[in-house]
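Work through the two exercises below with the sequence and the model at hand. Each task is followed by a solution in steps.

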Amino acid sequence: MEYLAQQAGGRGSEALAVTIAVVAMTAVVFCFRGQPRVDDITRKGEGSSRKGEKIEEEQDEKIKGSVADFEKHLPADRIFSLETLAPWDGRQLPMCIGVCGKVLDVSSSENFEPGFGYGKLWAGKDATYALAHASLKAEDANVLDYDLTNWEESTMEALGSWCKHFLSKYPVVGALKEYDGQDFSQVLPDIETEKTQKS
């Protein structure tokens, strides 16, 4: 992103770099979504009599409903751990992700499908580190061993932009205990602490 910022010539260059990163990540997601599903792939090398036969494997079907429809599965105090967040992957339970210590219900989004795009990367996981670094690497999900105070301003701004986006678009259904005591006010000063969805 620094290269993009330098190319932008200084005026709002960090914001431009963040915007370009967001557009690039969105393009990659649409590329993922265009990939054939497992049930569309045909067996190869098994002779012409088997041509066109569908592979019988686990489907990547999205579970119907939102977190509100599965409330009995929520932790009683709505405090998730990475372990209790994992089943909220869109297959077992409606899809949720962690962002800046919050657990968000993204089940309504077409951008979050099990096995594809963002859903493949972050379903039932914490995406904070990956979002901050505009990373689409699977190993950057659930990364917790970082210190926000050591990050560059552009990385903090990127994370702040993503947090604002997700918090304005998706309901907060809980918090991640691994972030207990973590102060995200430097990333998002106006973060709402009482936005948790209640029924």
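Predicted model: local features only at pLDDT ≥ 70, side-chain atom pairs only at ≥ 80, totals over all residues.

Residues are numbered from 1 along each chain as its sequence is written, and side-chain values use heavy atoms, with hydrogens and water left out.

**Exercise 1.** Find the disulfide and state its handedness and its place in the fold.

Step 1. A disulfide is a pair of cysteine sulfur atoms within 2.5 Å. The count by this rule is 1 disulfide. Cys 100 is joined to Cys 163, with 1.9 Å from S to S.

Step 2. The S-S torsion of Cys 100 and Cys 163 is about 45 degrees, so the disulfide is right-handed.

Step 3. Cys 100 sits in the loop between strand S2 (96-99) and strand S3 (102-105), and Cys 163 in helix H6 (residues 153-169), so the pair ties together parts 63 residues apart in sequence. Helices (H or I, at least four residues) and strands (E, at least two) are DSSP runs, numbered from the N terminus.

Step 4. Buried means under 20% relative accessible area (1.4 Å probe, protein chains only). Cys 100 is buried at 4%, and Cys 163 is buried at 0%.

**Exercise 2.** Classify the ring pair of Tyr 118 and Trp 122.

Step 1. Rings of Phe, Tyr and Trp (its six-membered ring) pair if their centres lie within 6.5 Å, and planes under 30 degrees apart count as stacked. The whole structure holds 11 aromatic pairs.

Step 2. The centres of Tyr 118 and Trp 122 are 5.0 Å apart with 10 degrees between the planes, a stacked pair.

Step 3. Both residues, Tyr 118 and Trp 122, lie in helix H4 (residues 117-122), 4 residues apart, and both are buried.

Note on methods. Buried < 20%, exposed > 50% of the residue type's maximum accessible area, 1.4 Å probe, protein only. Phe/Tyr/Trp six-rings, centres within 6.5 Å; stacked < 30°, edge-to-face > 60°.
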